[in-house]
Amino acid sequence: MSSSIAALEGEGLRAREALGAEVRAGFERAGYAPVAAPVLQPADIFLDMSGEDIRRRMYVFADPGGNELCLRPELTIPVCRRYLESEGGPQRLCSLGAAYRYQKRGSAKLTEFTQAGVECLGTEDAEGADAEVIALAARALADAGLKNYEIETGDLALFDALVDALDLPPGWRARLKRHFWRPDYFRELLGELAAGGVRDEAGDRAALISAIAGLDEESARNVIEDVLKLAGIAPVGGRTVGEVAERLLEQAELAASSVPREAAKLISDFLAVSGTPAESIARIAKLTKAAGVSLEAAIARFERRLDLIGKAGLDLSQAHFATGFGRNMAYYTGFVFEFRVAALGEDAMICGGGRYDRLLSALGASVPVPAVGCAVGIERLLMALNREAGK
């Protein structure tokens, strides 16, 4: 256990409660209504929507009725579920509460930690809402007294726009976008893309891929799941049998397609772009124009957001932007950001958030609900404040 966490656990509970209340009070003053959500949540929602790292660390169990539940690992999904119980429409909601993720023995991270967050739901002006939320996050940190931090940003919508504009087989286009937030597997896809297709497989795996190549998706998925179950293959690394089946189905589809090398190079060059937001978007505009690819609409939205963030009082001239930055949650769809204090090591990320326009539909909304939000880690913020104070 790190010395910072040990010191934090020894600190009075009142200090953490007071800081959390202070952060939420700032959100309320900005017009966000407080809302509470149950600690116990349906596990399947988080298993479907969260990143693999979070899935592996969730507390999942069955109740006496056989329902699979979990302790909430974060607050965004629970608050969005509460929103769906309301009359809908534009709402600004804030929350404060505990979240739970398993940590290995000796980890510097907490198993139970506190988040204070905001969710801006149903607002049609996406760039305006993005600017509002990141500026509100910066204000919360400043009001708490934090002076030194770094800002990391990204925009998944730019990558989606690039993939849509390229001459790619539909299978490649869908999978690249779907797996952007899975760094390890995404790197595999990029490697295969650069090589001109899916690498040759050997043995039983190759035979299975070959056998399903001509089947429709439902039939192929049924064959794969039956084979895996008969072989007694259990979920590994947080993946279900269905997800393993999906991976093999992807490989069968992609093995039958080819990708223009020019498209593969442009994607590689695009994902190498990083720097300040203003520098990066200028490089992206130049890169895509030279390749004869139009991202004008997505670039215009990026530039408008950047302008609105500045007008909201947050200077991003020293912030870092990377085209490959997407955070580790499956539900993000556009602008993403993190506030980081590097001196905290693996606890460096003290606030993070972004846009998640498809989440509410996945949770059951009858119409699409534009959404953006963020969460402040109260214990990490307290550690950062203590470090600045020399404690």
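Predicted model: local features only at pLDDT ≥ 70, side-chain atom pairs only at ≥ 80, totals over all residues.
Reader: At what angle do H2 and H6 pack, and how far apart are their axes?

Author: H2, which covers residues 13-29, and H6, which covers residues 126-144, pack at an angle of about 135°, and their axes are 10 Å apart. An angle has to be over 145 degrees to count as roughly antiparallel, and H2 and H6 are therefore described as oblique to each other.

Reader: Which residues of H2 and H6 meet?

Author: From H2 come Leu19, Glu22, Val23, Phe27 and Arg29, which meet Leu136, Ala140, Asp143 and Ala144 of H6. Sorted by class, this contact of H2 with H6 has 6 nonpolar and 3 charged residues, with no polar ones.

Reader: How are H7 and H13 turned relative to each other, roughly parallel or roughly antiparallel?

Author: The angle between H7 (residues 156-165) and H13 (residues 261-270) is about 170°, with the axes 11 Å apart, and the two helices are therefore roughly antiparallel. Their crossing is right-handed. On the H7 side the contact is made by Leu158, Phe159 and Leu162, and on the H13 side by Leu266, Ile267 and Phe270. The residues of this contact are 6 nonpolar, with no polar and no charged ones.

Reader: Is the crossing of H14 and H15 left-handed or right-handed?

Author: The crossing of H14 and H15 is left-handed. H14 (residues 277-290) packs against H15 at about 165°, with axes 11 Å apart, and the pair is therefore roughly antiparallel. Pro277, Ala278, Ile281, Ile284, Ala285 and Thr288 of H14 meet Ile299, Phe302, Glu303 and Leu306 of H15, a contact of 8 nonpolar, 1 polar and 1 charged residues.

Reader: How many cavities of 30 Å³ or more does the structure hold, and what is the volume of the largest cavity?

Author: The general idea is that a probe the size of a water molecule, rolled over the atoms, shows where empty space is left. In this structure there are 4 cavities of 30 Å³ or more, and the largest cavity has a volume of about 50 Å³.

Reader: Which helix gives the largest share of the lining of the largest cavity?

Author: That share, 4 residues, comes from H15, which covers residues 296-311. The lining consists of Thr153, Pro277, Phe302, Arg305, Leu306, Ile309, Leu316, Phe321 and Phe335, and by class these lining residues are 7 nonpolar, 1 polar and 1 charged. Pro277, Phe302 and Leu306 are among the lining residues and also take part in the contact of H14 with H15.

Key
Residues numbered from 1 in each chain as written. Heavy atoms only, no water. Axes fitted to C-alpha atoms, helices over the stretch in contact; angles between N-to-C directions. Parallel < 35°, antiparallel > 145°, perpendicular 65-115°, else oblique. Left-handed = near helix turned anticlockwise from the far one by under 90°. Contact = heavy atoms within 4.5 Å. Nonpolar A, V, L, I, M, F, W, Y, C, P; charged D, E, K, R; others polar. 1 Å grid on protein atoms, 1.4 Å probe; cavity = no way out; pocket = protein on both sides within 12 Å on 5 of 7 lines; lining within 4 Å. Points joined across faces, edges and corners; volume = space filled by probe spheres on them.
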